[in-house]
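Here are my notes on the model you sent over. Have it open while you read.

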Amino acid sequence: MKKTLLVAAILVAAGAAQAQSDTLKKAKDTGTITLGVRESSGVLSYTLGGSKYVGYHVAICEKAVENVEKAIGRRLEIKYQPVTSQNRIPLVQNGTVDLECGSTTNNLARQKDVAFANTTFVETVRMATKANSGINSVADLKGKTVATTTGTTSVQTLRRHKRAEGMEFKEVFGKDHADSFLLVDSGRADVFVMDSSLLAGLIARSKNPADFKIVGEPLSVEPIAIMMRKEDEGLRKIVNSTIAEMTKSGEINKLYDKWFMQPTPPTGAVVKLPMSDLLKDALKNPNDKPAEEYAKKVGA
């Protein structure tokens, strides 16, 4: 009964929102919707090869599409558009991508250009390094080479950290997260600064996971959310209603367990990252607070 009422509420909200959404109109007219996906964003969004993309955020987006279909009264073909840290926002803005289902941090700067659904993952930024590197904290980075992915904010976050004040280190950039991790694996960088879940996923899928470790104090706590065009309130309402539906039914907890605590394709690697108290709180109290609101949690 509760599930029936919840679905009914979603349909009412979706119906009322249609007139406020260019995306819903486009989907109804064309019979398609495009999801922005990542090649190697840990288990949030990654490729299995070809046109097959999977992950925690991909699954949430696909569930939202089901509710879009109910709202517009027709089935939709889902198109998967690979995006990078550099082009994800422009591709959302210009209409190429309707929902970006990767690993994007919701912050005040980005909110000027795009809209975010309610938080579905809370991330900490840390460092991956070789197990024998001798690096255990930010204080060990003096004179080292730090890798990050072009178009991300991780190195800026590192430089703002009080323990990195005045510290000199070299920066190198990978074109995507897999490339940045390879910089460490091949010895061209000493650490890769990035979201902990992405680092854990890359390590789990590496040839020798025991050769790597995640180290250092959290550099930031960041809300990760599904992204869409600014002022497309109709689509945003449907996505947020979908997240609420999945949370109340327990589906989102099962989904999290599937991707973060169980063997994942194609290799059966297990990330082993239990749901954090921060994420539990965000799901219990739905919100689209930007990263700046979370900065106080680590004293950044």
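1. The protein chain has 12 helices and 13 strands (DSSP runs numbered from the N terminus: H or I of at least four residues for helices, E of at least two for strands). Its radius of gyration is 19 Å, close to the 19 Å from the globule rule for 300 residues, so the chain is as compact as a globular protein of that length (C-alpha atoms; the rule is 2.2 Å times the number of residues to the power 0.38).

2. Before going further: this is a predicted model, with local features needing pLDDT of at least 70 and side-chain atom pairs counting only at pLDDT 80 or more, while totals for chains, interfaces and linings use all residues. Numbering runs from 1 along each chain as its sequence is written, and side-chain values use heavy atoms, leaving out hydrogens and water.

3. Of the 300 residues, 53% count as buried (under 20% relative accessible area, 1.4 Å probe, protein chains only).

4. On to the inside. The largest nonpolar core holds 59 residues, and Tyr56, Leu99, Val239 and Phe260 touch the most other members (a core is a set of buried Ala, Val, Leu, Ile, Met, Phe, Trp, Tyr and Cys residues joined through side-chain atoms within 4.5 Å). Helix H3 (residues 56-72) gives this core its largest share, 9 residues. Another core, of 15 residues, lies apart from it and includes Val138, Leu158, Val191 and Val215.

5. Take a look at Phe260: beyond its neighbours within four places in sequence, its contacts include Val43, Tyr56, Phe121 and Leu273 (heavy atoms within 4.5 Å).

Methods
Buried < 20%, exposed > 50% of the residue type's maximum accessible area, 1.4 Å probe, protein only.
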